[in-house]
Amino acid sequence: MASAAAARPLPVASLSARRSAAAAPHLLGFPSHLNLKPSTGGAPRSSLRVVASSSKVEPVEERIPGAPPTDVSVPADASPPGPSLGLLPQVSTGTWKWRSYNIRYQQAGTSGPALVLIHGFGANSDHWRKNIPVLAKANRVYAIDLIGYGYSDKPNPREIGENFYTFETWGEQLNTFCAEVVKSEAFFICNSIGGLVGLQAAVMEPQKCKGIVLLDISLRMLHIKKQPWFGKPFIKSFQSLLRNTVVGKLFFNAVATPESVKNILCQCYYDTSAVTDELVQIILQPGLDPGAVDVFLEFICYSGGPLPEELLPLVKCPVLVAWGEKDPWEPVDLGRAYASFDTVEDFVVLPDVGHCPQDEAPELVNPLVESFVQRHN
């Protein structure tokens, strides 16, 4: 179903005015409209039994509830009661050497197609804790910490040269991970900037990817090609200020607190009851490691590299795009334009869900992923 070129290219130019008028853009996954005051966020989501989708695919009914939260692994006997769930596979944590760096990953499941889960900006593989054990009932599931994030090594970009923390680097990391750890082709399940990583990897080595699920992929609204001409000097100066002066580290220190992390999460989760103390620690703790601040500042100053609309026409595998209806950072109305690509088989709207559907609404995302994998395995 996937072709190498899009029949109707994304009308980037025509969307530029709408992007400027949309919710305040953020720095490649990090909100520029950051509000450090307490936030109540949206109302808790009522029980959702159906995923709203386009006419191409029938609505997906909820079949398996999300797994209970956990830091690293879910014991086999920790599944919620219910006759349809059964025992969940054990999740294990491993370390893989890549380019002499330690890369942390999680794994569950012993048979079936391989799935590799790729987190977004500032997150790590624990952000998939509600998905790994559930998906592992019928699949071999891996979740990786991209280099620079989570509990993977965080080499200083100033010591190893510029242009290290790029989608090309992470794409190479993902493909090598598939070759050396997964040891088979795989489906890439991605959130936010992880979607760019998955697309980049699939373009670099098409034979390694069987299909991609993009959950609220980053639109990269501050990419150099999307910046308004009158804003480019300001954006460049602001990024230089963050990267090259003490201001950047002061900003990071203000953000890297439990209160600030919780507030940011409450902005991007529609159901703020999902923003638990456990989730705050999952996001915050690795950000306190040595080197995390340098990676943070390097990436928010990264305005180059690929755009989703540049990679999608080059992908040869099927792609499913799913989007939280209430995502304040990546507006769903802008995301709908990606449905025009021949590689995208469907665009699914997730009602009353924010920017991180896999964690906020696993009861919607897990069946969607399972259905996609079954269709294309």
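The crossing of helix 8 and helix 9 is right-handed, a term used when the near helix is turned clockwise from the far one by less than a right angle. The structure is a predicted model, in which local features need pLDDT of at least 70 and side-chain atom pairs count only at pLDDT 80 or more, whereas totals for chains, interfaces and linings use all residues. Residues are numbered from 1 along each chain as its sequence is written, and side-chain values use heavy atoms, with hydrogens and water left out.

The axes of helix 8 (residues 258-268) and helix 9 (residues 277-287) come within 9 Å and cross at roughly 110°, where axes are lines fitted to C-alpha atoms over the stretch in contact and angles run from 0 to 180 degrees between N-to-C directions. Helices here are DSSP runs (H or I, at least four residues) numbered from the N terminus. The two, helix 8 and helix 9, are therefore roughly perpendicular to each other, the term for angles of 65 to 115 degrees. Their contact (heavy atoms within 4.5 Å) is made by Pro-258, Val-261, Lys-262 and Leu-265 of helix 8 together with Leu-279, Val-280, Gln-281, Ile-283 and Leu-284 of helix 9.

For helix 7 (residues 246-255) and helix 10 (residues 292-300), the axes come within 10 Å and cross at roughly 110°, and helix 7 and helix 10 are therefore roughly perpendicular to each other. In this contact, Gly-248, Lys-249, Phe-251 and Phe-252 of helix 7 meet Ala-292, Val-293, Asp-294, Phe-296 and Leu-297 of helix 10.

How values were computed
Parallel < 35°, antiparallel > 145°, perpendicular 65-115°, else oblique.
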